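Thanks for coming. I have one model to go through today, and I will keep to what can be read from its coordinates.

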Amino acid sequence: METQLSNGPSCNTSNGPNQMNSCSSPVESSGMEDSKTNLIVNYLPQNMTQEELKSLFGSIGEIESCKLVRDKITGQSLGYGFVNYVDPKDAEKAINTLNGLRLQTKTIKVSYARPSSASIRDANLYVSGLPKTMPQKELEQLFSQYGRIITSRILVDQVTGWTTC
């Protein structure tokens, strides 16, 4: 079972359960804050290419930049990327249209990217070994005493309805 608890939607990447990672948005280097054109796309299929990502999001509107994030050593996709639109309306439309889209075995999450900062660095938490039938509400009650939870998700087996670990 893998659960994500996050203090911000700007990143979630894991090389496996119990690993926390941080990332920064391309917005960070431009000095913009809370951009309404820059999106982060999480839970991308491992074999998706940058060209496929650009094509998918380009169907919504004109893209200024697109980046599929890869491991610097292996070149393997880390399962997330950034798409920066020219027009904020296209970014909003992409969130409304593509968030929750099923691609192969993954359901992508599309949200506004935020610049990396000390307050959100290492804010994602992946937990394994929870009871197979733990409800979402109970999980959030358990962890809410440690800070505000922006999003959380328990991965469950579609057949049994139990957590996947």
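Start with Asn 38, which stands opposite Asn 84 in β4. Keep in mind throughout that this is a predicted model. The two strands concerned are β2, residues 38-42, and β4, residues 77-85; they run antiparallel and are joined by five bridges.

Stay with Asn 84 for a moment. Its place is in strand β4. Is Asn 84 buried, or is it exposed? Its relative accessible area is 9%, and buried means under 20%, so Asn 84 counts as buried. What does its side chain do there? The side chain of Asn 84 makes a polar contact of 2.8 Å with the side chain of Thr 37. If we set aside the neighbours within four places in sequence, the residues in contact with Asn 84 are Thr 37, Asn 38, Ile 63, Glu 64 and Ser 65.

Two other residues to look at are Tyr 80 and Phe 82, both of them buried. The structure holds one aromatic pair. That pair is Tyr 80 with Phe 82: the ring centres are 6.0 Å apart and the planes stand at 85°, so it is edge-to-face.

Now the sheet. In what order do its four strands come? The order is β3-β4-β2-β7, with antiparallel pairing, and the sheet is open. At the edges are β3, residues 63-70, and β7, residues 109-112, each of which pairs on one side only. On average, and ignoring direction, neighbouring strands here are turned by 20° against each other.

Two helices lie across these strands. Helix α2, residues 50-58, lies across β2, β3, β4 and β7, and runs at about 140° to β3. Helix α3, residues 88-98, lies across β2, β4 and β7, and its angle to β7 is about 155°.

Which of its residues are buried? They are Leu 53, Leu 56 and Phe 57. Viewed down the helix axis, the buried residues of α2 fall within an arc of 90°, so they line one face. The face turned away from that buried side carries Glu 51 and Ser 55, which are exposed. As for what covers the buried residues of α2, the list includes β2, β3, β4 and β7 from the sheet, along with helix α3 and strand β5, residues 102-103.

Next, a site further along the sequence. Ser 152 lies in strand β9, which spans residues 151-154. At 18% relative accessibility, Ser 152 counts as buried, because the cut-off is under 20%. Which side chains does the side chain of Ser 152 meet in polar contacts? One is that of Gln 136, at 2.4 Å. Another is that of Glu 140, at 2.5 Å.

Last, the chain as a whole. There are four helices and nine strands. Read from the N terminus, the elements run β-α-β-α-β-β-α-β-β-β-β-α-β. The chain has 165 residues, and 41% of them are buried. Taking the contacts with a separation of 6 or more, 67% are between residues 24 or more positions apart.

That is what I have.

Technical notes:
Residues numbered from 1 in each chain as written. Predicted model: local features only at pLDDT ≥ 70, side-chain atom pairs only at ≥ 80, totals over all residues. Heavy atoms only, no water. Buried < 20%, exposed > 50% of the residue type's maximum accessible area, 1.4 Å probe, protein only. Polar contact = N/O pair within 3.5 Å; in protein donor to acceptor, adjacent residues only side chain to side chain. Pairing = 2+ DSSP bridges. Axes fitted to C-alpha atoms, helices over the stretch in contact; angles between N-to-C directions. Contact = heavy atoms within 4.5 Å. Arc of directions from axis to C-beta. Phe/Tyr/Trp six-rings, centres within 6.5 Å; stacked < 30°, edge-to-face > 60°.
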